[in-house]
Amino acid sequence: MSFEEKIAWIMGVVAVGSYGVYLALVLGMAGSMPLVDVPYVAPLLWTVGASIAASIALHALFGILSPRDAGKKDQRDREIYRFGEYIGQSFVVIGGVAALLMAMTEADHFWIANVIYLAFVLSAVLGSIAKIVAYRRGFQPW
């Protein structure tokens, strides 16, 4: 497995894990109050921060464990990275448009923030999946 594929796995797993923790925290607090009244800001910030820290730490750990492979990219790695990022970024755009429409309709801040967070998670997960599939099944640039 190439170093870049390992990084794609890290990004996908960390994104899913941190979002799962966020959902568990928010939905756990929702048992005693309406969902839109749940104090979501602190859990959102903590899970995003923990996700970033875990991703950096795991990236460094894998770099230490396989120093020959770390930082080495060939043309195929660059094309697969770009391909995955294009797929992932489309979900950031979709989430941004959805949040903009929700703001225009004066939706609650809870829903707007959660749509944006979900868009970032989907971007990371689907971009990682696209990269992993490209590494595993082959990649043919058009």
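Me: Which helix is L100 found in?
Reply: L100 is found in helix α3 (helices are DSSP runs of H or I, at least four residues, numbered from the N terminus). This is a predicted model, in which local features need pLDDT of at least 70 and side-chain atom pairs count only at pLDDT 80 or more, while totals for chains, interfaces and linings use all residues. Residues are numbered from 1 along each chain as its sequence is written, and side-chain values use heavy atoms, with hydrogens and water left out.

Me: How far apart are L100 and S90 in space?
Reply: Their C-alpha atoms are 15 Å apart, and the two residues are separated by ten residues in sequence.

Me: Changing topic, how many salt bridges does the structure hold?
Reply: The structure holds two salt bridges, each being a side-chain nitrogen of Lys or Arg within 4 Å of a carboxyl oxygen of Asp or Glu.

Me: Which residue does E5 pair with?
Reply: E5 forms a salt bridge with R136, and the closest N and O atoms are 2.5 Å apart. E5 belongs to helix α1 and R136 to helix α4, so this pair ties together parts that are 131 residues apart in sequence.

Me: Are those two buried or exposed?
Reply: E5 is buried, with a relative accessible area of 5%, whereas R136 counts as exposed at 53%.

Me: What does K131 meet in a salt bridge?
Reply: The side chain of K131 meets that of E85, at 2.8 Å from N to O. Here K131 lies in helix α4 and E85 in helix α3, so parts 46 residues apart in sequence are tied together. K131 counts as buried at 11% relative accessibility, while E85 is partly exposed at 26%.

Me: What about the largest pocket, which residues lie nearest its centre?
Reply: M11, A15, S51, F120 and A124 lie nearest the centre, among 32 lining residues. On a 1 Å grid over the protein atoms alone, a pocket is an open set of points where a 1.4 Å probe fits, with protein on both sides within 12 Å along at least five of seven lines; lining residues have an atom within 4 Å of a point.

Me: Which elements give two or more residues to that lining?
Reply: They are α1 (3–29), α2 (41–65), α3 (75–104) and α4 (109–137). The largest share, eleven residues, comes from α4.

Notes. Buried < 20%, exposed > 50% of the residue type's maximum accessible area, 1.4 Å probe, protein only.
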